[in-house]
Amino acid sequence: FWKVDRSGKAAQQAALLAQYGETLRTDPAASLKFAVDAWSKSHTPQADEAVRTALDADTERVKVQADKGPLSTSELSPDGQMLLTAGKDGKAKLFDAVTGTKLFSLEPAASNDPPELTAASFSPDGSLILTVTSTGEVRLYDATTGKDLGLLSDEGSYVEAVWGTVGGRPVVLTSDWNQPARLWDARGRSLLATYGTEPSGGAAL
């Protein structure tokens, strides 16, 4: 009976290792499970190697449901603890980067049908988040509470907004189809500088 049981385990392990090999390129997470199951049958050198290889291949650590439509952007917070996403549904979302748990959605306080988001990003210190809509609005949020802090400006049709720091304070440089590039104090939402007189097509700090 011992020989039969041993032979059966060997056959089961061989089948699991075959499945590991078939899924390694297309589905590393599934491949890792097959490898671990094979290793649990018997701690053979082949099973050990399969587990190590599958661990190296499985770079996906967490999966989140970020948007109902195409995703326009995603980025980690400066401290690496939160994941920010934004897309077609007009909502930016914050997730715990380790567990994948959604912390909250970021959307205008007085809008039932927000326009599509084209960008979303953290301030350099991670305390603020800005979003850019397809209709040219730049809006700010508190990254800790998700509170809508309002539009950066009521004027303009912004195509891009990028973060920077001046004197230790977060600032935003905007580009506009109809106006020159402008630099804003993010916390006070006040204009600090205007660059040139011609409309700007891009922003960089």
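Colleague: Which backbone oxygen does the side chain of T23 reach?

Modeller: That of Q19, at 2.9 Å. A polar contact needs N or O atoms within 3.5 Å, so 2.9 Å qualifies. Keep in mind that this is a predicted model.

Colleague: Where is T23, and why does T23 count as buried?

Modeller: T23 is found in helix α1, residues 2–23. Its relative accessibility is 16%, and buried means under 20%, so T23 counts as buried. Leaving aside neighbours within four places in sequence, T23 is in contact with P28, A30, S31 and F34.

Colleague: On to α2. How do you know that the span of this helix agrees with its number of residues?

Modeller: Helix α2 covers residues 28–41, which is 14 residues. At 1.5 Å a residue they should span 20 Å, and the end C-alpha atoms are 20 Å apart, so the two agree.

Colleague: What makes you say that the buried residues of α2 line one face?

Modeller: Those residues are S31, L32, A35 and A38. Looking down the axis of α2, they fall within an arc of 125 degrees, so they line one face of the helix.

Colleague: And which residues touch the most other members of the largest nonpolar core?

Modeller: Of its 13 residues, L84, A86, A92, L94, L106, F122 and I129 do. Strands β2, β3, β4 and β5 each give two or more residues to this core. Apart from it lies another core of 12 residues, including L130 and Y158.

Colleague: What does F122 touch, beyond residues up to four places away in sequence?

Modeller: Its contacts include M82, L84, L94, I129 and W163.

Definitions and conventions:
Residues are numbered from 1 along each chain as its sequence is written. This is a predicted model: local features need pLDDT of at least 70, side-chain atom pairs count only at pLDDT 80 or more; totals for chains, interfaces and linings use all residues. Side-chain values use heavy atoms; hydrogens and water are left out. A nonpolar core is a set of buried Ala, Val, Leu, Ile, Met, Phe, Trp, Tyr and Cys residues joined through side-chain atoms within 4.5 Å. Buried means under 20% relative accessible area, exposed over 50%, partly exposed in between (1.4 Å probe, protein chains only). Helices (H or I, at least four residues) and strands (E, at least two) are DSSP runs, numbered from the N terminus. Contact means heavy atoms within 4.5 Å. A polar contact is a pair of N or O atoms within 3.5 Å; within protein, one must be able to donate a hydrogen and the other to accept it, and residues adjacent in sequence count only if both atoms are side-chain atoms. The expected span of a helix is 1.5 Å times one less than its number of residues. The arc is that of the directions from the helix axis to the C-beta atoms.
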